[in-house]
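Here are my notes on this model, point by point. Please read them with the structure open.

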Amino acid sequence: MSYKLTYFAGRGRAENARLLFAVAGVQYEDIRVESAWSEDWAQVKGSTPFGVLPFLTLSDGTSISMSAAIANYLAREFNLYGKDNKENTQVDTITNALTDIMDLFYKYLLAKKDAKAETLKNVLDKVEIYGVAMEASLKQNNGGNGYLVGKGLTLADIAFFTTFADNVKAVEPNVLDKYPLLNALLERVGADEKIAKWVETRPKTIY
């Protein structure tokens, strides 16, 4: 099976998929459209299943749209989705919570100057609520010394890393200070050899 991932020239909603490829050690074609206002996007848009990015194209011609569907598909393919239905659901719970945080974070990024403070507060309020739940969940799994779900790295940990290391902590560096287990997890995931290599060598973008 070969893969082609198409997204804008940034991390954004495709970075979970890129990290899944990196962790799995699977090669893929990383197609980067300049921007939503560029001529190349106008040319590509008509060929996308839902008129949005990212989308993943498989070697048999199948196209998969929507960032969550792409990440879930790849995580299942690469055995990074938990070992059974229970763990699959735990992964879904964490990634859905992180999507809530990221949706608010994107609103912050796009907000006008006079709305920045309020939209950032919305992000931090959500982190405070969900952070308690994720810290408790992590503690219940091997005392918090491992990963969010099961015994190994999963999509849940990757999504946690992209949410905070790539995004929220860049704006609010102390956002996880109340959650020592989550802070340690972020360092642990970032220290993974394959993740660290991707972060070091990936194209440098503003988002």
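1. Start at the surface. In this predicted model, a nonpolar patch is formed by Phe50, Val52 and Met66. Together the three residues have about 290 Å² of accessible area.

2. Met66 sits in the loop that runs between strand E4 (63–65) and helix H3 (67–77).

3. Next, the second largest pocket. Its volume is about 410 Å³. The lining of this pocket has 26 residues. Nearest the pocket centre are Arg13, Asn16, Ser67, Ala68 and Thr99.

4. Which elements give two or more residues to the lining of the second largest pocket? They are helix H1 (15–24), H3, helix H4 (85–110) and helix H6 (155–171). H4 gives the most, with eight residues.

5. Of the residues lining the second largest pocket, 13 are nonpolar, ten are polar and three are charged.

6. Last, Lys86. Lys86 is a residue of helix H4, the element that gives the most to the lining of the second largest pocket. Why does Lys86 count as exposed? Because its relative accessibility is 60%, and the cut-off for exposed is over 50%. Lys86 and Gly150 are 64 residues apart along the chain. Their C-alpha atoms are separated by 9.9 Å.

Note on methods
Residues numbered from 1 in each chain as written. Predicted model: local features only at pLDDT ≥ 70, side-chain atom pairs only at ≥ 80, totals over all residues. Heavy atoms only, no water. Patch = residues over 30% accessible without salt bridge, like charges linked within 9 Å, V, L, I, M, F, W, Y side chains within 5 Å. Areas by Shrake-Rupley, 256 points an atom, 1.4 Å probe, with all protein chains shown as cover. Salt bridge = Lys/Arg side-chain N within 4 Å of Asp/Glu carboxyl O. Helix = DSSP H or I, 4+ residues; strand = E, 2+ residues; numbered from the N terminus. 1 Å grid on protein atoms, 1.4 Å probe; cavity = no way out; pocket = protein on both sides within 12 Å on 5 of 7 lines; lining within 4 Å. Points joined across faces, edges and corners; volume = space filled by probe spheres on them. Nonpolar A, V, L, I, M, F, W, Y, C, P; charged D, E, K, R; others polar. Buried < 20%, exposed > 50% of the residue type's maximum accessible area, 1.4 Å probe, protein only.
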